[in-house]
Amino acid sequence: MTTRIVFMVTPQRPYYKKAKIEFEFFPGQSASQKKKNVEALHAAFLKRYPTMKVLEISTKSDQEVGIALSPFNLTLRLPFLQKAFSIENIYQASKVYEHGGPFYDLLGASALEAKRDPRKQKVGKVVHFNLENKQYPANPDTAFYTWLYFRAIKEHPLLAQKLLEFNAFTDIECAEEPKGGNQALACCIYVSMAQAGVLKNIHSFSDLVDAMYYSPILKVEDQKQTKVEDTSLSLVLPKAEKKKAFAIGEWIVHPTIGKGEVVKKDSKSYTIYFKVSGPKVLSKEFVEKTCRPLP
């Protein structure tokens, strides 16, 4: 027996809910074995949720629409190259690591070669993404991948129409909370937003992130530094002497919340995804006076 995650449509943020389903597992890496596992997973899921309509999003799907929506098959046209590439190729080619990347040559590789590119084992963690001369933050870690899917599905209206017939989605390889995005999760969010009437408002990456994460977050009031007699024992960081502007994708240290990555900014505020507490909106004045860059 083993466990996989099924993503189910919901009208509430973050526009998906998960069900962990235990089922009989057929070992092996062949396509036939994986298809057996898809069938077993879906049977176990439908036993618990008999009214749901579930779709596998991968090359092992038993539905043509599921195969077409696999990241190895679904394509997105990149205007600056005037050519379409698979989601897998674009995602892997856009990664910028601590010590390398982006590796745009992966756009010309097969999708499997792009996924297994050995260089990523030697260049550290992903710090952000760069596509079409635009930088995208690495956190929230599923956002960029989901955005690629939204753009690609929009380019394939017939697939989009068929996708909306389902309300639960699987990826037979997804055994735990996905890191860096997942095709079943992205499709679930797309259908959830369509049913909730939110999809028509998603025109940019920023729109998507706002809809998924930030709309319900109240703006955090500027926090004044508290005076402490013994500063050597204080965990409160001193105020920076000069204001410093931070870029999207840059990591900073908040005096009380800790480390966070700038994922959005405008003329009045920063949206920062903190490792401990998640996303928060802080005033531009407070961030630039009080926070400091991560060493």
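## Terms and basis of the model

Ala, Val, Leu, Ile, Met, Phe, Trp, Tyr, Cys and Pro count as nonpolar, Asp, Glu, Lys and Arg as charged, and the others, Gly among them, as polar. The structure is a predicted model, in which local features need pLDDT of at least 70 and side-chain atom pairs count only at pLDDT 80 or more, while totals for chains, interfaces and linings use all residues. Residues are numbered from 1 along each chain as its sequence is written, and side-chain values use heavy atoms, with hydrogens and water left out.

## The chain as a whole

The chain contains 9 helices and 14 strands; these are DSSP runs numbered from the N terminus, with helices (H or I) of at least four residues and strands (E) of at least two. Of its 295 residues, 48% are buried, that is, under 20% relative accessible area with a 1.4 Å probe, counting protein chains only.

Among contacts (heavy atoms within 4.5 Å) with a separation of 6 or more, 56% join residues 24 or more positions apart. The accessible surface, from the Shrake-Rupley method with a 1.4 Å probe, comes to about 15,500 Å², and carbon and sulfur atoms hold 52% of that surface.

## Helix 5

Helix 5 covers residues 143–154, and its end C-alpha atoms are 17 Å apart, in agreement with the 16 Å that its 12 residues should span at 1.5 Å a residue. The expected span is 1.5 Å times one less than the number of residues.

Because 11 of its 12 residues are buried, helix 5 is largely enclosed by the rest of the structure. The buried residues include Phe144, Trp147, Tyr149 and Arg151.

## The largest pocket

A pocket is an open set of points on a 1 Å grid over the protein atoms alone, where a 1.4 Å probe fits, with protein on both sides within 12 Å along at least five of seven lines; lining residues have an atom within 4 Å of a point. The largest pocket holds about 860 Å³ of space, the volume being the space filled by probe spheres set on the points.

Its lining has 29 residues, with Glu88, Lys115, Asp171, Glu173 and Gln183 nearest the centre. By class, the lining comprises 12 charged, 9 polar and 8 nonpolar residues. Helix 3 (87–93) and helix 4 (111–115) each supply at least two lining residues, and helix 3 gives the largest share, 3 residues.

## The second largest pocket

The second largest pocket has about 220 Å³ of space. Its lining includes Tyr91, Phe129, Lys179, Trp251 and Glu261. Strand 7 (residues 126–131) gives the most to this lining, with 3 residues. The lining divides into 6 nonpolar, 4 charged and 2 polar residues.

How values were computed: Buried < 20%, exposed > 50% of the residue type's maximum accessible area, 1.4 Å probe, protein only.
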